[in-house]
Structures are given as structure tokens and as C-alpha cells.
Amino acid sequence: MRNLVKHYLLIGLGWIFILLAIIGAVLPLLPTTPFLILALGCFAESSPRFHRMLLENKWFGPPLAQWEQNKTIRRKIKQKVILLIIATFSISIAVLSGRIGLQLMLVCFCLILLGFVWRLKESEELKK
């Protein structure tokens with residue numbers, strides 16, 4: 001009974017993390033990648049089918065597989081993520097023109113998120 005509850009709880013959490021990742025693709029305050037990594041971990045423990053579904057996805061499957069294997073990302077992916085973060089936060093800050101408090105909050109969130117991404121290890125073969 002306990003294993004069954006754990007199984008369904010992990011599957012439910014995995015889908016919640018995927019939903020948050022989808023929302024994060026639209027909203028600049030929610031990062032997409034960490035939620036996908038959490039979903040991958042949940043599905044690895046509970047559902048080989050859903051785990052495989054994430055790893056075989058044409059958009060984010062290869063980076064997730066690389067993360068799962070050696071906890072690194074490709075430099076090109078890292079650069080795209082940094083550009084996307086800067087672009088989405090810039091748009092949000094521009095939309096909030098005249099609301100200095102909110103703009104400063106967004107700048108702080110952006111810097112924290114950029115720091116997190118910057119610290120991710122890059123794969124060795126692309127550093128050469």
C-alpha cells in the first residue's frame with residue numbers, strides 16, 4: 001500500500017512539475033529547466049513510460065538525457081537560456097515602466113536566475 005501511494009504521488013508530482021515548466025516557458029519568474037529536471041527525477045522513480053517520454057521529447061529530451069547522465073549542459077543551450085532569460089525579463093521590465101519597485105524586483109530575480117544558470121557545469125567536449 002505504501003509503495004502504491006509513493007508511486008502515484010511521484011507521478012502526480014512529475015505532472016505538476018511539467019505543468020509548472022510549461023507555465024515557466026511563458027512567465028519569466030518561473031524557470032522551466034529545474035521543473036523538467038524534477039519531473040524527470042519523479043518519473044525515474046515511478047514511471048518508466050513517462051521518464052522515457054521526457055527523454056525522447058524532440059525539444060528538451062537530449063538536454064535532459066545529458067543532465068541525467070553527467071549533470072552537465074551544452075554551452076550552446078546555456079547561452080540560449082541566458083539570452084531567453086534576459087529577453088523575457090527585459091520585456092517584463094519594459095511593460096512595468098514607471099513602477100520602479102516592481103522593476104527592481106524583476107532585476108533581482110533575473111540576476112538570481114542568471115547566477116543559477118551561469119553556475120551549471122558545461123559538458124567537457126564543448127569546452128575545448
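This is a predicted model: local features need pLDDT of at least 70, side-chain atom pairs count only at pLDDT 80 or more; totals for chains, interfaces and linings use all residues.

Biologist: How do helix 1 and helix 2 run relative to each other, roughly parallel or roughly antiparallel?
Modeller: Helix 1 covers residues 2-26 and helix 2 covers residues 32-46, and their axes lie 8 Å apart. The angle between the two is about 160°. Angles over 145 degrees count as roughly antiparallel, and therefore helix 1 and helix 2 are roughly antiparallel.

Biologist: How many nonpolar, polar and charged residues make up the contact of helix 1 with helix 2?
Modeller: The helix 1 side includes His7, Leu10, Trp15, Phe17 and Gly24, and these belong to a set that meets residues of helix 2, among them Thr32, Phe35, Cys42, Phe43 and Glu45. Sorted by class, the contact of helix 1 with helix 2 has 15 nonpolar, five polar and one charged residues.

Biologist: Is the crossing of helix 2 and helix 3 left-handed or right-handed?
Modeller: Helix 2 and helix 3 pack with their axes 7 Å apart, at an angle of about 145°. Leu36, Ala39, Leu40, Phe43, Ala44 and Ser46 of helix 2 make the contact with Pro48, Phe50, His51, Leu54 and Leu55 of helix 3. By class, the residues of this contact are nine nonpolar, two polar and no charged. The crossing of helix 2 and helix 3 is left-handed.

Biologist: Which helices do the buried residues of helix 4 pack against?
Modeller: Helix 4 spans residues 61-70, and its buried residues include Gly61, Leu64, Gln66 and Trp67. The buried residues of helix 4 pack against helix 2 and helix 3.

Biologist: Are the rings of Phe17 and Phe35 stacked or edge-to-face?
Modeller: The whole structure has four aromatic pairs. In one of them, the rings of Phe17 and Phe35 are 6.2 Å apart centre to centre, with 20° between the planes. Planes under 30 degrees apart count as stacked, and the pair of Phe17 and Phe35 is stacked.

Biologist: How many residues apart in sequence are the parts that the pair of Phe17 and Phe35 ties together?
Modeller: Both Phe17 and Phe35 are buried. Phe17 lies in helix 1 and Phe35 in helix 2, so the pair ties together parts whose separation in sequence is 18 residues.

Biologist: Which residues do ring pairs link into a cluster?
Modeller: The ring centres of Phe43 and Phe50 are 5.3 Å apart and the planes are at 50°, so this pair is tilted. Phe43 is buried, with a relative accessible area of 0%, and Phe50 also counts as buried, at 15% relative accessibility. The cluster linked by ring pairs consists of Trp15, Phe43 and Phe50.

Biologist: Is Ser47 buried or exposed?
Modeller: Ser47 is in the loop between helix 2 and helix 3. The cut-off for buried is under 20% relative accessible area. The relative accessible area of Ser47 is 8%, so Ser47 is buried.

Notes:
Residues are numbered from 1 along each chain as its sequence is written. Side-chain values use heavy atoms; hydrogens and water are left out. Axes are lines fitted to C-alpha atoms, for helices over the stretch in contact, and angles run from 0 to 180 degrees between N-to-C directions. Helices (H or I, at least four residues) and strands (E, at least two) are DSSP runs, numbered from the N terminus. Angles under 35 degrees count as roughly parallel, over 145 as roughly antiparallel, 65 to 115 as roughly perpendicular and the rest as oblique. Contact means heavy atoms within 4.5 Å. Ala, Val, Leu, Ile, Met, Phe, Trp, Tyr, Cys and Pro count as nonpolar, Asp, Glu, Lys and Arg as charged, and the others, Gly among them, as polar. Buried means under 20% relative accessible area, exposed over 50%, partly exposed in between (1.4 Å probe, protein chains only). A crossing is left-handed if the near helix is turned anticlockwise from the far one by less than a right angle, and right-handed if clockwise. Rings of Phe, Tyr and Trp (its six-membered ring) pair if their centres lie within 6.5 Å; planes under 30 degrees apart count as stacked, over 60 as edge-to-face and the rest as tilted.
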